[in-house]
Amino acid sequence: TKSCDPPSLRFGQVVIGPPGSGKTTYCQGMQEFLTHLGRKVVVVNMDPANEGIPYSCAVDVSELVTLDDVMEGLKLGPNGGLLYCMEYVEANLDWLEEKLKQYSDCYFLFDCPGQVELYTHQSSVKNIFSQLAKWNFRLTAVHLVDSHYCADPAKFISVLCTSLSTMLHVELPHVNVLSKMDLMEQYGKLAFNLDFYTEVMDLTYLLDHLAADPFFKKFRHLNEKLAEVVQDYSLVSFVPLNVQDKESMIQVLRAVDKANGYCFGDLEERNLQAMMSAAVGADFQFNSTLGVQERYVETSGKTVEEEMMEL
C-alpha cells in the first residue's frame, strides 16, 4: 500500500557483515519467510556494488549511484569508491526519503554494503541509520558472520573484536548471527561445543587452545588482552542461522523483533504456528508459552505462577 501521508512507526532490519557472509541470501530468505507470515516486506538495496540481485527490490540505491561509475569517473579503487558512494548517499538523503515514503505500512530489510570500515571507522552509514531513526524507523542491526571462523580460534577472536567494534560504532539494537551453519562441518571440527561460540563463554579456554599452535604462541599476551576487551564489555553473543531451516529463521526473527520492539499481530502468529506445525519432528517452546498466555487471559483470576504449576 502506498501513501503520501507522513510515515507512522516503521520496523525493519539493517543487514550488515563482511563480504561473503550471506547478506543478500539472508535478505532473500527473510523476505520469503516474512511474506508467508503475512508481513508486507520491502527490501532496500543499500549496496552500490550489488549486481544481479536475486530478490524483489523495491528501492535500489544503484539508481542514485553505482560503484562502477564512481571508480571510472574518479579513478578510485573498490574500497575508496565504496566509501565515496556511501558519502554520496548521505549527501542525497532526500532521494532516499522520497523513495521510502511510498511504503508506509511495510516491514523493511536494508541490504547493506560489506566493507568493514563502513561500520568501524567511517561515519556515513552510521549517519544514514541515524536519519532513518528520525524518519520513525525502528531498526535492528543484523550482523552476519560466516560460521567457518569458529573453526579457527585466532579468526574467531578477530571476529569478536570486529563485532564489538561494529556494535559500538553503529549504535543500533544489535543481533550477531553465525550464518551458513549448515556448512560448518565442512570447515573442520570445532574445539568446543557450539554454545561456547554462540554464548561467547570463558575465552581463556580458547586462548589455551590457541597457545598450542607454535605460530600463535608468541601472540598469547596480545590475544589475552583482546579477549579481555570482549569479555569486559559483555555484549557479544551469536544466534546460529541456517537460512533454509524454519526453526533457525524463527530464532533469528524472535531475537530481531525483541531488539527493536516489533510485536506479532494475531494473523501473523496464526500463520507462524501453521507453518511450524508442518515441520517434521520440530519441538517449539513458544507454543507452550502461547498456551500459558491464552489460559491466563481466559482465567484472569489465577496468577502466572498458578498457571505455570499446571503445565
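This is a predicted model: local features need pLDDT of at least 70, side-chain atom pairs count only at pLDDT 80 or more; totals for chains, interfaces and linings use all residues.

Student: What is the strand order in the open sheet?

Tutor: The seven strands of the open sheet run in the order 3-2-4-1-5-6-7, with parallel pairing. Strand 3 (59-60) and strand 7 (238-240) stand at the edges with a single partner strand each, so one side of each has no neighbour in the sheet. Across the chain, the secondary structure comes to 15 helices and seven strands.

Student: Which bridges join strand 4 to strand 1 and strand 2?

Tutor: Strand 1 (residues 10-16) runs parallel to strand 4 and is joined to it by four bridges; Val-15 has Asp-111 as its bridge partner there. With strand 2 (residues 41-45), strand 4 pairs in the parallel sense over five bridges, and Val-43 stands opposite Leu-109.

Student: How many residues of strand 4 are buried?

Tutor: Buried means under 20% relative accessible area, exposed over 50%, and partly exposed in between (1.4 Å probe, protein chains only). In strand 4 (residues 107-111), five of the five residues are buried. Tyr-107, Leu-109 and Asp-111 point one way, while Phe-108 and Phe-110 point the other. For the chain, buried residues make up 45% of 311.

Student: Which residues touch the most other members of the largest nonpolar core?

Tutor: A nonpolar core is a set of buried Ala, Val, Leu, Ile, Met, Phe, Trp, Tyr and Cys residues joined through side-chain atoms within 4.5 Å. The largest one here has 35 residues, and those touching the most other members are Leu-96, Leu-100, Phe-108, Phe-110, Phe-129 and Leu-132. Another core, of 25 residues, lies apart from it, with Tyr-26, Leu-37, Val-252 and Val-256 among them.

Student: What does Phe-108 touch?

Tutor: Contact means heavy atoms within 4.5 Å. Leaving out residues up to four places away in sequence, Phe-108 has contacts including Phe-11, Val-42, Val-44, Leu-100 and Phe-137.

Student: Is Thr-198 buried or exposed?

Tutor: Thr-198 counts as buried, because its relative accessibility is 7%. Thr-198 sits in helix 8 (residues 194-198). A polar contact is a pair of N or O atoms within 3.5 Å; within protein, one must be able to donate a hydrogen and the other to accept it, and residues adjacent in sequence count only if both atoms are side-chain atoms. The Thr-198 side chain reaches the backbone oxygen of Asp-195 at 3.4 Å.

Student: How many disulfides are there?

Tutor: A disulfide is a pair of cysteine sulfur atoms within 2.5 Å, and the count is zero. Cys-57 is in none; the nearest cysteine sulfur, that of Cys-27, is 9.5 Å away. Cys-57 is partly exposed, at 28% relative accessible area, while Cys-106 counts as buried at 11%.

Terms used: Residues are numbered from 1 along each chain as its sequence is written. Side-chain values use heavy atoms; hydrogens and water are left out. Helices (H or I, at least four residues) and strands (E, at least two) are DSSP runs, numbered from the N terminus. Two strands pair if DSSP finds at least two bridges between them.
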